[in-house]
Amino acid sequence: VGTGTDGAITITVHSNGSLFKGNDIKRAVQTGQAPIGERLLSAHQNENPIFGIDSVPFLATNFEASEKLWAAARPTIEKILDEQNLVLLYAVPWPPQGLYFKKDVNSVADMAGVKFRSYNTATARLAELTGMLPVQIEAAEISQAFATGVAESMISSGATGYDMKVWEHLTNFYEVDAWMPRNSIFVNKDVWSGVSDAHKAAIRGCAELAAYAGLWRAVNYTDFTLKGLAANGMKVQKASDQLQADLNKIGETMSAEWTAAAGADGKAIIDAFKAQ
Amino acid sequence: MLRTLRRVLDAIYLAGGVLGALFLIAILGLIVAQMIARWTGQVFPGATDYAGYAMAGASFMALAYAMNRGAHIRVNLALTMMGGWRRHAEIWCYGVGAVIAVFFARYAVRGTYWSHKLKDVSQGLDATPVWIPQLLMSAGACLLALTLIDQFLRLLLSEHKGVEGERDWEDAPGENRRTRYVMAGLFLIAIYVPVAFFKGFAASVIVKTAMFLFILFFLLGSGVWVGLALIGVAYFGVTGFTSRPAGDAMITTIWTSSSSWSLTALPLFIWMGEILFRTRLSEDMFRGLAPWMARLPGGLLHTNVVGCTIFAAVSGSSAATLMTVGKMSIPELRRRNYPEFMTIGTLAGAATLGLMIPPSLTLIVYGVTINESITKLFIAGIIPGLVLATMFMGYIAAWHYVRPDQRPEPEPPMPLREKLWNSRFLGPVLLLVFAVIGSMYTGLATPTEAAAIGVIGALLLAAAQRSLTWASFTESLLGATATSAMVAFILMGASFLSLAMGFTGLPRALAEWIAALGLPVITLIVALTLFYIVIGCFLDGISAVVLTMAVIEPMVNIPAFRELGFSMIWFGIFVTVVVEMAQITPPIGFNLFVLQGMTRYQMTYIAKTALPMFLIMVLMVGVLVLWPELATWLPETARQGPGG
Ligand code: NA
Ligand code: NA
């Protein structure tokens, strides 16, 4: 960005919540406490179910479908963000979410009673539908919780598991590709309107580049981390047909519930996505 | 008229404290309910979020109450040197305090209003509109501002001397109203000028940094309460280095940090200590331990160390450990003619184990600040705590052989059967230790849940001993509420300061600069030890941790450290040792203050008796550097424990 705007605008990255914590980033950018920020919008689905479009389980289960879903949802999300004083620049998919267990799981019936780390309403609902027991664990305590059996399962990306060295406590990773959450990068609208058109174009250009690079990186990193999990002794595998069928059924339930909650806008997105 | 107003105001502050105490009980209820739900396979959605709100409620509502109880801490060294001019210095403190508190309250209300307007909703399972729990923040912040203005005006207009516990001074004979007004006016100008000057202030980063540090040291050094001083200096950090709205950013950060669920362990462990202090536990511990210690070289002095070690395993603070153990051991050791120098010194030093052996308030604060697992930190503290206790006992044994002239009459021998029979007095406390540490180690409970188990255990123990009365219950509850509000307030200020530090970019620049120097890791650790010893002379442990971690973490959380075994878990234990030292170094050392109150000795004398213990702790830093596994091994094995 610095180069594209001849140094008029530079971006200093404060990573890993070193400035505002993740939960606060949207609010901080909305109210001008920070000019630009990055956040998994699906975390805000309590506020508006539409934000959760990228986390509806088993709706878009590969990078291609994820891009299509995003193309269908983007105008609506841009509109909602605009009402919240935010301008969406771009969004990058995160690696797909798979299921971690400490035993073999071949069907949803095998999941009954497993303590499942759920961190929001959607993951709690997923636990409920699969017969698992949702438990709430602070991010910092997760690996301790797995070690001591306070939690026995989670849904997360291969990357998260790899960073957590999850193989120290868990044994199985199922590549169910439940969803690909998106990290959205947005700017405060007042700040954005103060930027000249030429600079806006330069930043939009950078954004497209970054979105492309981000997607490419997510694809490659997924591959790398899954190999890493396997190299450290975890069973990394696709779901059995039975498991996949069970999960797809739950996915349909949750899609229907999501559509009901998200109203006409939500239905329009799903229809547009299915039409592609 | 005035008297009615006074009574109404005092009633409002007390009501805030009582409400805070009720929220503390709510935390306990929520944690217990959630724990039982998990054990029985039930689900209690949002329990942790509600516990977080209750935590915010307990902290904010009790801010003003804690202020009036004199629970908020500050560096009062300069204040005590003011002599007859103390009133003017206090006018400064309350004046600055009131200005900062009004700023805080204004933005708390504004932040709550904006949460309502933006329809901000909790991201957790509870999906609560954020403004509802934030009303507690607004109300509490307004109460704090009110009480500071109240105190400021009373200092200015009457012979009132400020909050409880800070009234041991007399006005100079010539002191009069006019000098007070002139001073107050000057102070307000002194506050206004930098505030106006710092906005959009153009200067080099070095000049700004120097001013930032000056304001930090000046606010803290002049006796402004730590939490308020941190907010004040962070304000200058944000306005001086960025064009961001300081107040809004402050509230965003403070709300998140103060409504955190992992923080709920803090008030619960404090409460547990308060309950146990009011039981017969200290007498029982002495009776159970004394027969076993009597024949060791150094005799009953060991009851100080062993008693502190055991009590440390149920108490998170050094002061609580000191008071509980000292209540019994000081009179008993005196009666048996042990030299005061040894009695006082070993007690002052050993009580600091309260911070190292889990549970530990220092480690909770450290873990929350750098987002590290509190369970792991707790487990990491066990071995170093026991090593340190052994070293303290070694010192006592050495005294026994070096100074045979000081040995008191040996205790009459006691048959083994009687010794064993006397050990029954240790039963309840050991049971409590196993419940608290055992539940965490086996994964039956998280640290917060272990704290809840501890509170209930302590209440049962008190009930069994018939020392649980309505008076002792409410005293312990209100005391814990005030203390935890004090700690929470420091954490709030620190979270804002750390945001400000992030905006300034100073920690990162400093870390890069240090990395560029290419110093050996050992040199850096020695430098950090000296640094912490120096600031530990002036700051209490928790303030020292929260104030420095924003700057120190990027410096030490690097591969070069980790490769040598100095992980952030290890660093937590290192910080705990240096914080332990801070408890016994003058001029500001909590254990020194507590012992001064208990024994009426001069602080310089108490500090002298504690010097050997201080040196042992310096040695302990060396031991930790040589064998980092002492801290890191146990959490690693616990990780591969029951889970396989
Ligand atoms: Na302790
Ligand atoms: Na000190």
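I looked up A:Leu86 first, and its bridge partner in S8(A) is A:Asn188. This is a predicted model, where local features need pLDDT of at least 70, side-chain atom pairs count only at pLDDT 80 or more, and totals for chains, interfaces and linings use all residues. Residues are numbered from 1 along each chain as its sequence is written, chains are lettered from A and ligands numbered from 1 in the order in which they are written, and side-chain values use heavy atoms, without hydrogens and water.

Next I checked the strands themselves. S2(A) and strand S8 (residues 182–188) of chain A run antiparallel, joined by seven bridges. Two strands pair if DSSP finds at least two bridges between them.

Is strand S2 buried or exposed? Eight of the eight residues of S2 (residues 86–93) of chain A are buried, so the strand is largely enclosed by the rest of the structure. Buried means under 20% relative accessible area, exposed over 50%, partly exposed in between (1.4 Å probe, protein chains only).

Then I took the whole chain. Chain A has eight helices and nine strands. Helices (H or I, at least four residues) and strands (E, at least two) are DSSP runs, numbered from the N terminus. Buried residues make up 56% of the 276 in chain A.

I looked up contacts (heavy atoms within 4.5 Å) last. In chain A, of those between residues at least 6 apart in sequence, 75% join residues at least 24 apart. I also noted the C-alpha trace of chain A: about 55 × 40 × 30 Å along its principal axes.
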